[in-house]
Amino acid sequence: MMTYVQLYAWVRRNAQHWLDLCGLTNEEQFCQFCYERHITTVTLDCGVVLCEVSHDGLTAQIHPLITDRAAFFDKERALGYFGGICSSLGVERLEAHVLENSGKALRRVLKYLGFTHEGTLRCAARNMLLPGEPLISIEIWSILRLEILEVKSGRTD
């Protein structure tokens, strides 16, 4: 398992855009972000997924930081990763938060993988760690463990 310092170095090399979106400008802020949210990591052959398990233990918010984007256009492979994350963390639901300034590509990928847009929280959050920043809107997308299994088996009902 990577330490937060090792993870920061990896993210800086491979997913600087995510650090920029979160407003994380140095190692100390990143480590604080991960520590406060009890983030665990799942290392995949195509990148890393940061996971925040909710207080009730049923939902995990995911931050996929993927270096091989083709892996997420292979639906079976991507859902296999998500099913494995659900099993290893013991959660029943995966949730992705999409910031208002994120591109349309992320939303298309989530929809393609079977995630459902649950709604938008208008002006609900500050830009992650920066308290002086203006409020932003975030979209909530989620998929249930059961839905992952249904999509993988080809069922659509």
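Which residue takes a positive phi in the hairpin of strand 2 and strand 3?

**Figure 1. The whole chain.** This is a predicted model, in which local features need pLDDT of at least 70 and side-chain atom pairs count only at pLDDT 80 or more, while totals for chains, interfaces and linings use all residues. Residues are numbered from 1 along each chain as its sequence is written, and side-chain values use heavy atoms, with hydrogens and water left out. The chain has 6 helices and 6 strands; helices (H or I, at least four residues) and strands (E, at least two) are DSSP runs, numbered from the N terminus. Their order from the N terminus is α-α-α-β-β-β-α-β-α-β-β-α. Of the 157 residues, 42% count as buried, where buried means under 20% relative accessible area, exposed means over 50%, and partly exposed lies in between (1.4 Å probe, protein chains only).

Figure 2. Helix 1 covers residues 4-14, and its buried residues are Leu-7, Tyr-8, Trp-10 and Val-11. Because they cover an arc of only 165° around the axis, they lie on the same side of helix 1; the arc is that of the directions from the helix axis to the C-beta atoms. An α-helix has 3.6 residues a turn, so residues three or four places apart point the same way. Arg-12 and Arg-13 are exposed on the other side of helix 1. The buried residues of helix 1 pack against helix 2 (16-22), helix 3 (27-36), strand 1, strand 2 and strand 3, with contact meaning heavy atoms within 4.5 Å.

Figure 3. Two strands pair if DSSP finds at least two bridges between them. The bridge partner of Thr-40 is Cys-51 in strand 2. These two strands form a hairpin with 2 residues between them.

**Figure 4. Strand 2 beside strand 3.** Strand 3 (residues 59-66) pairs with strand 2 in the antiparallel sense over 7 bridges. Val-53 stands opposite Ala-60 in strand 3. The hairpin of strand 2 and strand 3 has 5 residues between the strands, and there Gly-57 takes a positive phi near 80°.
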